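Colleague: I am new to this structure and would like to understand the terms used for it. Could we go through them one by one?

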Amino acid sequence: MKPNEYFLPFQCVCAQGGAEAVVHAWRSLIDFDAIGFKTDFINAFNSVQRNIFLQECAQKFPQIYKWVYFCYSQHSILFFGDYTISSEAGVQQGDPLGPFLFCLVLQKLVLKISVQVPNLRLHSWYMDDGSFFGDSRDVLKAWNIVKDEGPALGLFPNVSKCELISPSFSSSAIHEFEPELKKEAMNMEILGSPIGSKEFCESFLQDKINKKLPILLENLTRLDNPQASYLILLFCASFFF
């Protein structure tokens with residue numbers, strides 16, 4: 001099985017232009033009489049259950065299972081000065097397979113939502129950034145699945161950083177969401193892209209440029225190679241923002 005065959009259409013991280021597709025989907029839906037929800041997990045990559053992604057890898061992608069088993073079947077030891085720490089959960093930082101293994105665990109949660117809440121207008125994930133959009137009751141049901149089923153997988157929702165998006169917050173179901181959730185009317189950010197009014201989007205981009213452009217220019221002046229500085233500014237500066 002290929003990753004796209006297993007993860008799509010709900011997990012778009014393995015698809016070309018997947019992040020852009022999520023952003024454009026939000027922009028096309030934001031004016032509908034419905035609500036949106038953005039999820040956030042606590043320390044997600046470091047807490048997913050290893051036994052689960054080992055099981056999932058063996059069943060869905062047996063061609064790489066032996067290597068994954070070799071890397072994660074035993075606890076690794078982390079050294080901090082005179083102390084040693086047993087690393088028993090999550091994927092290893094710097095492991096190229098880490099995002100893939102994380103997505104294997106997340107897919108169990110994703111598929112459960114897709115079956116139990118089939119009428120969501122938008123149900124997409126880009127790694128640990130999840131998006132729901134639809135009727136308030138459907139969004140609430142999806143959110144409850146994340147809260148109830150996620151911890152068993154090592155996915156613990158960070159309620160204070162999750163966001164509820166609605167033009168009015170007048171639906172009766174809104175009051176069933178946690179009061180500590182962030183609430184946004186129409187202007188918001190998804191995967192680093194602004195969505196909302198023209199004024200908000202322009203202000204968002206201008207603020208980002210104002211914060212990062214001085215840092216970029218200062219570091220370019222430190223290069224003892226004017227030609228290299230010019231080429232970086234010409235061809236690579238946009239990736240900095």
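Modeller: Helices (H or I, at least four residues) and strands (E, at least two) are DSSP runs, numbered from the N terminus, and by that scheme Tyr 83 lies in strand S3. This is a predicted model, in which local features need pLDDT of at least 70 and side-chain atom pairs count only at pLDDT 80 or more, while totals for chains, interfaces and linings use all residues. Residues are numbered from 1 along each chain as its sequence is written, and side-chain values use heavy atoms, with hydrogens and water left out.

Colleague: Why does Tyr 83 count as exposed?

Modeller: Exposed means over 50% relative accessible area, buried under 20%, and partly exposed in between (1.4 Å probe, protein chains only). Tyr 83 has 60% relative accessibility and therefore counts as exposed. Buried residues, by contrast, make up 39% of the 241 residues in the chain.

Colleague: What makes the nonpolar patch on the surface, and which strands supply at least two residues each?

Modeller: Nonpolar side chains (Val, Leu, Ile, Met, Phe, Trp, Tyr) are joined within 5 Å, and like charges within 9 Å. Here Leu 78, Phe 80, Tyr 83 and Ile 85 form the patch, with about 470 Å² of accessible area together, as given by the Shrake-Rupley method with a 1.4 Å probe, where for residues only the protein chains shown count as cover. Strand S2 (76-80) and strand S3 (83-87) each supply at least two of its residues.

Colleague: How many helices and strands has the chain?

Modeller: The chain has eight helices and nine strands, and its C-alpha trace spans about 55 × 55 × 40 Å along the principal axes.

Notes
Patch = residues over 30% accessible without salt bridge, like charges linked within 9 Å, V, L, I, M, F, W, Y side chains within 5 Å. Salt bridge = Lys/Arg side-chain N within 4 Å of Asp/Glu carboxyl O.
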